[in-house]
Amino acid sequence: MTTNHSGHPASPSADSSRSAVTRRRMLTVALGGAATVALPAPAWAATDQRPGAVRPPALTPDDRKIIAQVSAERALSHLRVLSEDIGPRIGGTASERRAADYIARQLDHLGYDTQLQPFAVADKFLAQLDSPTGLPADLCWQVGASPHAALDTSVSGDVVDVGAGAPANYPAEVTGRVVLVDYVAAQREQLVATAVARGAAAVVFLPADQAYPRSASAFSPTLPGSASSPVPIPVVGVAQVQKERLRAMAAAGRYTLSVATSAHRGLTSHNVIGERVGRAGADGPVVMVSAHYDSVIGAPGANDDGSGTVLCLELARVLRAIPVDATIRFALWGSEEQGLIGSRYHVAQLPQAERDRFLAVYQNDMVATSWDPATRYWLLSFTGQANRATDEVSAAAARLGYDSRISPVTLRGSSDHQSFQEVGIASANFSWRGEETPALLEPPYHTPADTIAKNISLERLQVSLELIGCAMYATAR
């Protein structure tokens, strides 16, 4: 889920202006050795009362067709590939493309007419931290690199923590060492200049702590005064959870840190769209289920939004052979985290006649967090008004006995439903969040701790699958 309300699609390149190419192929993904995590599986029958529900369900025969088949455990197998084997999926980079290819492969295999829709996105500047003695393996160690410092290079050195970065905080000997320093935006260029003057090999900026439950994300520090003459050493920005580990290790004794930076330029991101034409034919109504598959720097994106992505893949499996009148589309958006770029690009390409075909768009963003306080399932509308999507999910929740866990329709953008509602298409975002407000997101949000082990509940994912599955089938049939 993006927090950027103002992103707009970049002007398409020659590649992105070409029509999306139909994909009907088997693409391989190299599965690495990421450790698997055992999660408690949902354990209820179709007629059982769900966790948090106020009564047993009163299912229609159509509901039973969906509920008998959807499985969070099957969805988890896709999430392991996206979050553990691929990891952070930064818009336009090779990691996002690997994820797009994997998703396209799954939709191809299920028999959907699958397309990749390309569009241009901004350059990215990334870094990877490592150590000869190893860094804590429960965190991702991708961080952001400054575009105004040394790129496409790798340095190593013993770590020195200089705190606030005043000259008096430095030890006598800094030459060749990696400096940890508190990030203060107004002082960032002077902090870097001091480190360079003392002979540091690299600067690792440590962000200020955010108020719980928020936690600062990794970032690419900008140094505007160095734009014409880049800083000669790498400068990177880490997340709050990474900062805590690095600082604790420095306090415990000597260790060596490696910093490898990389520039990614001339980038193309992709939307992945799979379609099955319904009985009403090629010009009939459309029901879309969607999510975004990219993530932010340093975040494996298990919940944001690997969870919504695998919900789409699991519903695509279930709906592939159930007859419906409407055309069903599953859409996985690229580069959402940069400002809804993929979905806005897609909507901008739709002629009005195509926009008029949509009955509802069900956007799923962060649908499986294991954070205990996230007990409310939010119906989020960019206009703040109910529409076909919110009405159908509310009705499905009532049939499942889930009334008490569902929010009223609430005004909020910041996900891909906004792109559709901006042009008058019925859409909403669905998400597990804290009771008081949809702004109450889990601590791993946008951090290296957004992993399966730290931030995924199969129970909540199963309920999300049932709610969206029953709602979209009711709309499409």
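Colleague: Does helix 7 pass helix 13 in a left-handed or a right-handed crossing?
Modeller: Helix 7 passes helix 13 in a right-handed crossing (left-handed if the near helix is turned anticlockwise from the far one by less than a right angle, right-handed if clockwise). Helices (H or I, at least four residues) and strands (E, at least two) are DSSP runs numbered from the N terminus. This is a predicted model, where local features need pLDDT of at least 70 and side-chain atom pairs 80 or more, while totals for chains, interfaces and linings use all residues. Residues are numbered from 1 along each chain as its sequence is written, and side-chain values use heavy atoms, leaving out hydrogens and water.

Colleague: Thanks! At what angle do the axes of helix 7 and helix 13 cross?
Modeller: The axes cross at roughly 50° and come within 10 Å, with helix 13 covering residues 458-476 (axes are fitted to C-alpha atoms, for helices over the stretch in contact, with angles from 0 to 180 degrees between N-to-C directions). That makes helix 7 oblique to helix 13 (under 35 degrees is roughly parallel, over 145 roughly antiparallel, 65 to 115 roughly perpendicular, the rest oblique).

Colleague: And which residues in helix 7 and helix 13 meet?
Modeller: From helix 7, Ser 307, Val 310, Leu 311, Glu 314, Leu 315 and Leu 319 take part. Their counterparts in helix 13 are Leu 461, Ser 464, Leu 465, Ile 468, Gly 469, Met 472 and Tyr 473. Contact means heavy atoms within 4.5 Å.

Colleague: How does helix 3 pack with helix 7?
Modeller: Helix 3 (residues 72-86) packs with helix 7 (residues 302-319) at an angle of about 135°, their axes 9 Å apart. Helix 3 and helix 7 are therefore oblique to each other, and helix 3 passes helix 7 in a right-handed crossing. Among the residues making that contact are His 78 and Leu 82 of helix 3 and Val 310 and Glu 314 of helix 7.

Colleague: Switching topic: what is the strand order in the closed barrel?
Modeller: The closed barrel has 7 strands in the order 3-4-8-7-6-5-9, with mixed pairing. From one strand to the next, the twist averages 40°.

Colleague: How many bridges join strand 3 and strand 9?
Modeller: Strand 3 (residues 124-130) pairs with strand 9 (residues 256-264) over 7 bridges, in the antiparallel sense. Strands pair if DSSP finds at least two bridges between them. Leu 126 stands opposite Ser 262 in strand 9.

Colleague: Which strands does helix 5 lie across?
Modeller: Helix 5 (residues 188-197) lies across strand 6, strand 7 and strand 8, and runs at about 145° to strand 7. Helix 6 (residues 240-252) lies across several strands, including strand 3 and strand 9, at about 120° to strand 6.

Colleague: What about strand 11, how many of its residues are buried?
Modeller: In strand 11 (residues 286-292), 7 of its 7 residues are buried (under 20% relative accessible area, with exposed over 50% and partly exposed in between, for a 1.4 Å probe and protein chains only). One side has Val 286, Met 288, Ser 290 and His 292, and the other has Val 287, Val 289 and Ala 291.

Colleague: And which residue stands opposite His 292?
Modeller: Trp 333 in strand 12 does. Strand 11 and strand 12 (residues 327-333) pair in the parallel sense over 7 bridges. Strand 11 also pairs with strand 13, in the parallel sense over 5 bridges, and there Ser 290 stands opposite Gln 363. The bridge partner of Gln 363 in strand 16 is Asn 429.

Colleague: Last one: why is helix 8 described as largely enclosed?
Modeller: Helix 8 (residues 341-349) is largely enclosed by the rest of the structure because 7 of its 9 residues are buried. Arg 344 and Tyr 345 are among them.
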